[in-house]
Amino acid sequence: MYIWLYKTIYNQNIMNRRNLLKTLSFAAGASLISTDVLAKIGDRSFLFNIPENPEHKPLAKPVTAITIGAGNRGMVYGGFAAKFTDQIKIVGVAEPIEFRNDRYAKIHNIPQENRFNTWEDVFKRPKFADAVIISTPDAMHYEPCMKALAMGYDILLEKPIAPTEKECRDILNLAKKNNRIVAVCHVLRYAPYFVKMKELIAKGAIGEVISIQHFEPIEHTHMAHSYVRGNWHNSKATTPIILAKSCHDLDIIKWVINKQSQKISAMGDLKWFRAANAPEGSTARCTDGCKVERECPYSAIKEYVDLNKRTSVFDVPAGTKDRKAFITEKLKTTNYGRCVYRMENDQPDHYVTNIQFADSVTASFSMEAFTSYHGRRTRVMGSMGDLVGDMTELVHYDFKTRKDTKFIPKAEDVEEYKNSGHGGGDWLLVRDFVQAVAQKNPALLTSTIDESIESHIMGFMAEESRKKGKVMDIKM
């Protein structure tokens with residue numbers, strides 16, 4: 001069953017549905033419980049995880065990598081290297097912020113000669129590692145990726161691939177031309193929850209897939225932090241929110257149902273975080289004596305100082321005696337201290353998308369800022385059953401037996417992404433990337449650029465649909 005699980009996931013595009021069902025020997029009434037189940041924890045309730053991939057091999061030496069961009073995402077992927085030193089070694093870093101460069105170099109024992117301020121400096125040197133991890137801001141993915149490919153590096157590329165469709169296709173074409181691996185960080189493909197969802201659909205557990213509903217509640221303070229005050233507040237300087245935040249979701253819908261997308265339509269707007277909605281008595285910054293700061297749900301002082309949430313963006317030095325005072329000073333000079341109603345933000349705070357897939361399968365996706373919770377919710381409707389889940393559990397209901405079975409994933413998000421909706425996929429992606437590079441076998445990954453580019457095209461077309469008010473054809 002272990003071999004089945006991975007070969008199904010990795011070679012899905014090779015096997016058509018008839019051959020897959022023949023391989024599985026799945027029949028009505030057959031057990032849906034695979035051997036990755038860890039324990040029965042209740043009546044028709046099971047704990048599961050992703051088993052070891054039988055195609056992974058012991059490494060003679062660690063894969064070497066250079067990290068370009070040592071912010072949050074660079075730290076996440078670097079964290080895997082820091083823990084699993086026998087699998088991957090970070091030998092270089094490019095990061096213009098001195099604090100982050102120093103921190104990263106210290107964690108990974110990177111010598112001074114392999115520390116760089118800019119990505120351009122990395123490529124002035126002859127190739128000195130197996131791979132490059134690109135975790136720079138969205139607008140800075142394309143150029144370092146193209147240069148790395150030209151120099152023969154394999155690449156772990158943070159999503160989105162690039163800000164434009166042309167740039168995405170350029171990267172795909174050069175990767176194919178130079179026979180290099182480009183793994184796109186669509187980490188949900190590696191989350192046990194979504195792997196189980198795909199497995200059950202592939203087994204025919206719900207018969208033919210008819211439609212899917214997928215919901216991403218961003219959570220109101222996360223929206224304010226990242227897409228109103230934060231790095232992604234301006235779509236023109238970065239990427240539209242449907243790509244910056246939700247290309248994960250478009251991708252996972254397409255991946256679990258394994259159908260080609262055909263048409264897409266979208267609606268959405270920036271409704272609330274605008275100057276017209278600023279409360280009377282509010283000021284340019286939360287620290288400027290705002291009269292409504294204590295009652296405002298988006299108070300920067302509440303979020304960052306009182307609650308100490310999402311404070312990694314402030315690069316607080318280890319050993320800082322008065323952490324609150326340090327962060328308060330940062331609020332006086334950075335966007336994170338500004339009033340959410342007075343930013344230069346343009347990202348929609350609600351976004352709905354409808355998609356037509358092959359074989360008459362339809363999907364609806366909704367991204368919403370104004371929720372008190374986060375964590376993706378999904379409903380898959382089939383001819384013989386349905387699947388309902390929220391990433392903490394996945395419930396299968398069988399129309400024939402009129403019974404349900406509950407699957408509980410065993411997964412843990414890494415630091416800074418705990419309970420943030422990645423479902424433990426971050427490090428599982430890096431694990432597979434290491435093996436793919438070491439074995440020179442991209443088939444060990446489910447999110448190579450060949451597999452991941454379609455959801456980006458979907459995102460670009462959704463944004464065009466939203467702006468033009470028309471249904472768009474998706475042309476691959």
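The legends below describe close-up views of a predicted model. Local features need pLDDT of at least 70 and side-chain atom pairs count only at pLDDT 80 or more, while totals for chains, interfaces and linings use all residues. Residues are numbered from 1 along each chain as its sequence is written, and side-chain values use heavy atoms, with hydrogens and water left out.

**View 1. The open sheet of 6 strands.** The strand order is β5-β4-β3-β6-β7-β8, with parallel pairing. Helices (H or I, at least four residues) and strands (E, at least two) are DSSP runs numbered from the N terminus; two strands pair if DSSP finds at least two bridges between them. β5 (115–116) and β8 (182–184) are at the edges with a single partner strand each, so one side of each has no neighbour in the sheet.

**View 2. Pairing of β3 with β6.** Strands β3 (residues 63–68) and β6 (residues 131–134) are joined in the parallel sense by 4 bridges. Ile-66 has Val-132 in β6 as its bridge partner.

View 3. Leaving aside residues up to four places away in sequence, Asn-117 touches Glu-95 and Pro-96 (contact: heavy atoms within 4.5 Å).

**View 4. Helices α7 (residues 165–177) and α15 (residues 449–468).** Their axes come within 10 Å and cross at roughly 170 degrees; axes are lines fitted to C-alpha atoms, for helices over the stretch in contact, and angles run from 0 to 180 degrees between N-to-C directions. The two helices are therefore roughly antiparallel (angles over 145 degrees). Contacting residues include Leu-172 in α7 and Phe-460 in α15.

Definitions and conventions:
Angles under 35 degrees count as roughly parallel, over 145 as roughly antiparallel, 65 to 115 as roughly perpendicular and the rest as oblique.
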